[in-house]
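Keep the sequence and the 3D view open while reading.

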Amino acid sequence: MATVSSPPGPPPFRLLNHISTQNIKGDLFGGVTAAVIALPMALAFGVASGAGAAAGLWGAVLVGLFAALFGGTPTLISEPTGPMTVVMTAVIASLTARDPENGLAMAFTVVMLAGVFQILFGMLKLGRYVTQMPYTVISGFMSGIGIILMVLQFGPFLGQAIPKGGVLGTLTNVPSLLANARPAEVTLAVVTLAILWFTPGKVKKVAPPQLIALVLGTILSLTLLTGSGGGAAAGGEDIRRIGEIASGFPSLQLPHFELAQLQVMLIDAAVLGMLGCIDALLTAVIADSITRTEHDPNKELIGQGLGNLASGLFGGIAGAGATMGTVVNIQAGGRSALSGISRALILMLVILAGTRLAAQIPQAVLAGIALKVGFDIVDWGFLKRAHRISITGALIMYLVIGLTVLVDLIAAVGIGVFIANILTIDKMSALQSKSVKSISTGDGDLLLNPEEKTLLDQGKGEVLLFQLTGAMIFGVAKAIGREHNAIGVCKAVVFDLTEVSHLGVTAALAVELAVEEAIEKGRQVFVVGASGTTRQRLEKLGLYAKLPLERTTLSRHDALEQAVAGLA
């Protein structure tokens with residue numbers, strides 16, 4: 001006998017991410033592989049941000065661990081990423097310039113606040129809205145971040161510190177950087193890029209190019225490019241290295257606020273948190289497409305927020321979902337959050353046991369790795385063909401790139417989304433305006449049956465059918481007014497809202513105005529077909545109170561029939 005099952009409801013709330021023991025071997029192998037890739041990237045991003053290698057390493061551990069435990073994407077690997085590092089670099093530079101003594105402590109507080117913002121976004125269920133932006137804006141934004149990351153590596157790539165002033169400061173100092181380039185470190189950076197670009201596919205399956213570059217670059221700096229004992233490079237110059245990393249667990253960093261900098265800190269935290277949301281959820285979509293699963297965006301934001309909160313509390317830089325680590329984890333067999341958890345624990349053990357070895361890594365090698373990450377972030381594929389698809393879209397993308405690189409990240413996204421949405425609304429309004437029609441004969445292109453067309457013909461031009469169809473957004477209000485103003489001499493007007501799927505406030509006010517003007521001119525007015533939210537909106541406006549009941553409860557056919565009869 002068949003049993004009746006209860007209808008499916010929303011999935012029950014789950015505190016932890018999906019952690020399974022059915023694929024332990026695949027998850028552990030995925031975690032190990034992701035940890036191997038995370039090590040050089042975390043070092044590179046930590047140094048590039050200005051917080052130091054240890055901050056990058058512990059950011060990779062803490063963000064990765066908490067996001068894996070409490071997130072909503074089983075296979076997502078979270079760690080410091082290129083986009084997050086770009087913003088983190090700007091935050092540290094800005095706050096340390098304003099307050100050299102407490103700037104770094106405030107920067108870690110910004111990471112904590114960014115985590116709090118992400119948790120709030122998740123609790124408010126804003127996850128599904130985060131990535132609902134035009135691709136031209138997302139592409140321009142990410143490409144701009146990639147360019148920033150590349151430009152900021154010019155100094156370390158040439159053996160020098162990153163000049164002050166961000167991108168503009170670096171570009172201004174390019175002649176000086178080139179004039180003072182250190183051959184040994186330039187050689188290391190070029191070798192690193194060559195390894196990253198030209199490592200054969202067969203070798204990549206065995207070891208990631210980033211790790212190969214890290215190991216070979218360090219060995220090269222200690223042998224061929226240095227004198228005996230590993231002290232001075234050829235030419236008598238010391239190669240700039242990471243330096244000693246404190247062993248043991250990181251110390252607690254209590255939140256530090258300065259009233260004078262509070263507004264700046266909150267804005268920086270909001271930008272960092274929003275970027276982390278976009279970065280993580282875009283990567284989660286990629287993970288879904290590979291594993292044929294569906295992530296929980298709101299839960300993922302809470303997990304990301306907890307990860308960044310923990311990272312800031314222990315002196316780590318901010319992180320988000322990392323595309324490279326996630327894809328490698330899935331390809332290596334990872335299918336549940338156990339892979340992300342094992343990756344974080346393995347990476348932590350490596351950090352605790354190998355800090356002395358990491359101290360010898362040249363900064364030029366890390367600059368080469370970070371520069372290649374920046375190059376990969378740039379959306380070259382879309383840049384090459386954007387102008388073929390849409391000139392307008394291409395111009396929006398170039399504008400967002402320019403604003404991102406030269407002005408401000410949040411301004412770039414805000415202005416890009418505003419312009420893209422205005423253009424989209426204009427196009428939609430133009431299309432929907434064609435759905436606003438007024439006609440007095442049955443020969444027009446209206447949604448009428450033969451009987452209704454016959455009735456309209458019987459009106460002999462004195463009965464007008466004003467028909468709206470589809471979604472009436474605010475951009476259609478102008479078309480409603482224009483069509484109504486074009487009405488000539490007639491004795492009756494039937495406003496037909498039968499096919500209206502949505503009536504916006506502005507469009508509803510335009511309908512009300514048209515009805516009022518028709519009443520003032522002494523015409524018979526019928527408003528028919530409105531249902532659901534459309535009728536509710538018109539009722540709340542008080543439109544039906546201005547008309548006799550029998551003229552608002554008829555069908556379109558009956559309204560036309562009464563209008564024709566009223567001409568006699």
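Tryptophan 58 counts as buried, at 6% relative accessibility. The cut-off for buried is under 20% relative accessible area, so this residue falls below it. The model is predicted.

**Aromatic contacts**

The structure holds seven aromatic pairs. One of them joins tryptophan 58 and phenylalanine 249. Their ring centres lie 6.1 Å apart, with 40° between the planes, and the pair is tilted. Tryptophan 58 sits in helix H2 (residues 53-70), while phenylalanine 249 sits in the loop between helix H12 (209-222) and H13. The pair therefore ties together parts that are 191 residues apart in sequence. Is phenylalanine 249 buried or exposed? Phenylalanine 249 is exposed, with a relative accessible area of 59%.

Elsewhere, Trp197, Phe375 and Trp380 form one aromatic cluster.

**The loop between H12 and H13**

Glutamate 244 is also found in the loop between H12 and H13. At 78% relative accessibility, glutamate 244 counts as exposed. How far apart in space are glutamate 244 and leucine 383? The C-alpha to C-alpha distance is 41 Å, and the two residues are 139 residues apart in sequence.

**Helix H3 against helix H13**

Two packed helices are described by the angle between their axes and the distance between the axes. Helix H3 (residues 82-98) packs with helix H13 (residues 262-291) at an angle of about 170°. Their axes are 10 Å apart. Angles over 145 degrees count as roughly antiparallel, so H3 is roughly antiparallel to H13.

Which residues of H3 meet H13? On the H3 side they are Pro83, Met84, Val87, Met88, Val91, Ser94, Leu95 and Arg98. On the H13 side they are Val264, Met265, Asp268, Val271, Leu272, Leu275, Gly276 and Asp279. By class, this contact has 11 nonpolar, two polar and three charged residues.

**Cysteines**

A disulfide is a covalent bond between the sulfur atoms of two cysteines. How many disulfides does the structure hold? The number is zero. Cysteine 277 is buried, with a relative accessible area of 0%. Cysteine 490 is buried too, at 9%.

**Accessibility at a glance**

The table collects the values for the residues discussed above.

| Residue | Relative accessible area | Class |
|---|---|---|
| Cysteine 277 | 0% | buried |
| Tryptophan 58 | 6% | buried |
| Cysteine 490 | 9% | buried |
| Phenylalanine 249 | 59% | exposed |
| Glutamate 244 | 78% | exposed |

Methods: Residues numbered from 1 in each chain as written. Predicted model: local features only at pLDDT ≥ 70, side-chain atom pairs only at ≥ 80, totals over all residues. Heavy atoms only, no water. Axes fitted to C-alpha atoms, helices over the stretch in contact; angles between N-to-C directions. Helix = DSSP H or I, 4+ residues; strand = E, 2+ residues; numbered from the N terminus. Parallel < 35°, antiparallel > 145°, perpendicular 65-115°, else oblique. Contact = heavy atoms within 4.5 Å. Nonpolar A, V, L, I, M, F, W, Y, C, P; charged D, E, K, R; others polar. Disulfide = S-S within 2.5 Å. Buried < 20%, exposed > 50% of the residue type's maximum accessible area, 1.4 Å probe, protein only. Phe/Tyr/Trp six-rings, centres within 6.5 Å; stacked < 30°, edge-to-face > 60°.
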